[in-house]
Amino acid sequence: MCRRTSSVHRSPTGPRDTTPFASTSRCRRTLKASGTVRRGRGREVNLRALWRLALPILAGGALLAAACGGGAEDVRETPQPEGPEATATPTQASPTTTPAETATEPPPVENPAPEFPTGLTWFNVSEPLSFARLRGKMVLLDFWTQGCINCQHIIPDLERLEREFPDSLVVIGVHTGKYSEEQEDAAVAEAIARYDRRHPVVNDPDYVVWRQWGVRAWPTVVLIDPRGSVVGGASGELVYERFQPVVQQVYEEFSARGLIDTTPIPLALETTVASTFLSFPSEVLVDEAGGRIFIADAGHHRIVVTDLGGRVITAFGAGEPGFTDGSASEARFRDPQGLELSPDGRTLWVADTRNHAVRAIDLETGETVTIAGTGRRAYELPGGDPLSSDLASPWDIHHHEGALYIANAGTHQIWVLDLANDRVSVFAGTGRENVDDGHRLKVATLAQPSGLAGDATYLYWVDAESSSVRRVPFAGEGEVETLIGTHLFEWGDADGPAGTAQIQHAQGLAIGGGVVYLADTYNHKVRALSLADFSVTTVAGSGERDWNDATGAEAAFEEPNGLSLAGGKLYLADTGNHTLRVIDPATGAVRTLAFTNLAAASPKLPEDGIVRVQLPTQVVAPGVTTLRLTISSPENFHLNAAAPSRLELASSSDLVVQLSETELTWSTDDESFTIPIPIELHEGEAEITGTGVVYFCRTGKEAICLIQQVQLVVPVRVSATATAGEVVVEYLLPDVRTTYGGS
């Protein structure tokens, strides 16, 4: 694991030769091909011709190169030139073994993929993969880092390719973290859960695999054919358009020869056993006057509303990802990140990030409508009409004097929606990713703007990918000014004067009392930037990925995100801990907001989250007796009275087992719960099934409240010779793992 002791962190630079790729400039959309593959007996197909098919898709009207920088030029070295048709150079790594001799064997592998190094952590598989084991499969390597917005944009493309080639294509995520915090196994595990990645992922913290392949930018995608030979790769977005024709051609060539192996690779998807009431909450907005808290429950694709004490009132959104307007139960969001309340308190605006849209919720009727965006990712400048203009991962929104300012993270810009005239335009940023100050439209460059806030004069924001805090006047065409941060590849964890203070991939901020409060996401801290003397101090947070209610440096967070200031308190969306925290900025005291009345807005639970348990067969005597059911929580947990647990009972044969009750509900804070149910038994065999949901919480940390779907199956044999009189069912809820362990 890479450990850098300096407070300045830079991306390591890969070698410039002896790698499968020639070097690339950071944001150039280049396509590389390894040459040819044999077709039939002696015929050849030039794969470069196929790559050229994708080039016209990329040529017209692109706003910016859709890749996050990562290589020589990002540490201020000179990139080597490369033409758009540069040929990949062969690797110097030891070649992998060739396929077994067959009548249809293709020619020897001329450009073998280098094998994965040993000693890396793998996720979603029970043992490390190798190209030797993957012979017969097309392999798509996806070099990504969790904070890169462009890496997030290509996830749907990868999923689409996986669906089209389910038995022949294997996607392997190579996570090469830009930030030191992203390189931790625990951080990779959280990212896999957050983005629901269901293919193998390998953590490459020391850039070993990155250097093997000569990668220069995130995301970079590489195709390897079923022989283990490198076909080609490309950096940036539009992955489906670029790769699908080539994958299809490779599939047809090797399938015709019978060289495609359709045996599924064994996956070992590691998931949290129970669901949390909130899932990766990204933003919190406190309406002190209205007595409400709005929470962007990103992982559940909905907006939750509670009172100021944490009592759940309602939720907006069906709880499933989608892009649909409608009532509170019909509307669908996709990973909403930002919230803003209209001055009259009647409308809640939502930055619907993965839908590339801004939505408006009428808080009186519950209706959701789209006011900007089409659902498509923007590659061009806005056209004026907000409903025909594409957005690009709007991360946050801020209202000021009749205008909505939009952190358009995917284009590294801030856009503005004039609500009165219904027009959208660019407010700040040229579209290039960097940290240049100057005229907001002509000179200033941004780097994945995230949280927004404002006072009477300035719009403030955090640029996540440059770990910086920026501001620009609302009025006129003033200049963007950087308060914290210096470079795309410089970050750290340091208080002091704003010019030397350092943060790491901060994503949220709030303003009040002449102070800008920062959710310093990857440092797991909350910081304060004084606008009086431009000094930075830490309000709370140990700097470690953890959870602890305490004061100052004794408190702990996990990837804190959205912030809201109300009533002299800071409300924090503690994303990795799946909950809300309340902070006294004067003392640094931190507490967790406990939710009650959870049944008012129970999240839609995943179908694959049901724990099915086959219990031992019970042999009992016939007659009128009792089914004694006991549900117990795991160690250090207790059942949750804030929401009624429920279990629906059924008998496979009423002639054998006749139940007097079929609907059970209970509310208790005890560690276990026992209920007797009268039953009547007759000779024969049957199964009693109990299906339902159990709510339970961590002892001492009541706000971590979990939801477990269970299905208990109890075979019952009723015999006149049996001595047992009762059917006794005892079930201990499974122990909870909150993160992936890797393999």
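Which residues of H6 are buried? Select helix H6, residues 239–256, and colour Val239, Tyr240, Arg242, Phe243, Gln244, Val246, Val247, Gln249, Val250, Glu253 and Phe254: those are the buried ones (buried is under 20% relative accessible area, exposed over 50%, partly exposed in between, with a 1.4 Å probe and protein chains only).

Before you click on: this is a predicted model, where local features need pLDDT of at least 70 and side-chain atom pairs count only at pLDDT 80 or more, while totals for chains, interfaces and linings use all residues. Numbering starts from 1 along each chain as its sequence is written, and side-chain values use heavy atoms, without hydrogens or water.

Stay on H6. Its 18 residues reach 25 Å from first C-alpha to last, close to the 26 Å expected (1.5 Å times one less than the number of residues). Helices (H or I, at least four residues) and strands (E, at least two) are DSSP runs, numbered from the N terminus. After H6, pick Gly258, which has a positive phi near 75°.

Next, show Leu141, Phe143, Ile172 and Trp213, which touch the most other members of the largest nonpolar core, 41 residues in total (a set of buried Ala, Val, Leu, Ile, Met, Phe, Trp, Tyr and Cys joined through side-chain atoms within 4.5 Å). Domain 1 (122–257) and domain 2 (281–376 + 389–601) both contribute residues, so this core lies between them; the domain bounds come from an automatic or database assignment. Apart from it is another core of 36 residues, including Val620, Leu627, Leu649 and Ile677.

Last stop: Glu364, in the loop between strands S19 (357–362) and S20 (368–372). Glu364 is exposed, at 62% relative accessible area. Its C-alpha sits 8.3 Å from that of Thr347, 17 residues apart along the chain.
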